[in-house]
Every structure is written in structure tokens, then in C-alpha cells.
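Okay, thanks for having me.

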Amino acid sequence: MWPRRRSFRLHTDRLMLRPPVHTDFTAWSNLRQDSAPFLTPWEPTWASDHLSRRAFTHRVYWAQRSIAGGTAMPLFMFRARDQQLV
């Protein structure tokens, strides 16, 4: 089972991993949109609202429930030097 701490973070020299939070929306949606040509062959077809704030909010709540239930540990990866989502 994973730690039940509210703010789980895993740090290395170059990276930081943590669950998604609502304030990640802009960085996440920009990264996903910029990466769409690369991701398209590997992912299921995106819903029409995939990059919307509402869909991201559902994603954050799903991550919180998954962690609390011990069923998954969804994490975002950030560069340590500038905290940019990668």
C-alpha cells in the first residue's frame, strides 16, 4: 500500500513526481496539445473535451480516489531544476 500522506512527492536529482493537482491544468493541457502528434498513434482517441478544464478536474479527482483506495498511483513528472511538467 502507498503512503497515505496528503502530499506525496518523490524527488531525484533531476525529477520530481507527485499526483496531479488542479493548478496543473494549464501546463498539462499545453503539454498534451503540443504532444498530440506524437501521442496519437499510441493512445485511444481523445474525447472532444479531453483538454478541457472540466475533464482535467475529473482526472484530478480520479487520481485522488485511486490513491486513497490504493488502486493506482497516478503521478505527474516535473524537471527538478525549473519545476516544468514533462
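How many aromatic pairs does the rule give here? The count comes to three aromatic pairs. The rule goes like this: rings of Phe, Tyr and Trp (its six-membered ring) pair if their centres lie within 6.5 Å, and planes under 30 degrees apart count as stacked, over 60 as edge-to-face and the rest as tilted.

One of the pairs is Trp28 with Phe56, and that one is tilted, at 5.0 Å centre to centre and 40° between the planes. This pair links distant parts of the chain: Trp28 sits in helix H1 (residues 25-39), Phe56 in helix H2 (residues 53-69), and they are 28 residues apart.

Before I go on, the housekeeping. This is a predicted model, where local features need pLDDT of at least 70 and side-chain atom pairs count only at pLDDT 80 or more, while totals for chains, interfaces and linings use all residues. Residues are numbered from 1 along each chain as its sequence is written, and side-chain values use heavy atoms, with hydrogens and water left out.

So, buried or exposed, that Trp28? Trp28 is buried, with a relative accessible area of 6%, and Phe56 is buried too, with 1%. Buried here means under 20% relative accessible area, exposed means over 50%, and partly exposed is in between (1.4 Å probe, protein chains only).

Now zoom out a bit from the pair. Phe25, Trp28, Phe56 and Phe76 form one aromatic cluster. Those four also turn up in the largest nonpolar core, which has eight residues: Met16, Phe25, Trp28, Phe56, Val60, Phe76, Phe78 and Leu85. By a nonpolar core I mean a set of buried Ala, Val, Leu, Ile, Met, Phe, Trp, Tyr and Cys residues joined through side-chain atoms within 4.5 Å. H1, H2 and strand E3 (76-79) each supply at least two residues of this core. In soluble globular proteins, nonpolar side chains tend to be buried together.

Contact means heavy atoms within 4.5 Å.

What about the overall layout? The protein chain has two helices and three strands, and read along the sequence the pattern is β-β-α-α-β. Those are DSSP runs, with helices (H or I) of at least four residues and strands (E) of at least two, numbered from the N terminus. Along its principal axes, the C-alpha trace spans about 35 × 30 × 25 Å. Buried residues make up 29% of the 86 residues. And among contacts between residues at least 6 apart in sequence, 62% join residues at least 24 apart.

Ser29 is in helix H1, and Ser29 is buried, with a relative accessible area of 9%. From Ser29 to Ser48 is 19 residues in sequence and 13 Å in space, C-alpha to C-alpha.

Ser52 is found in the loop between H1 and H2, and at 24% relative accessibility Ser52 counts as partly exposed.

Last one: Gln83, in the segment after E3. Phi of Gln83 is near 60°, a positive value in a residue other than glycine. Most residues other than glycine have a negative phi. Gln83 counts as partly exposed, at 44% relative accessibility.
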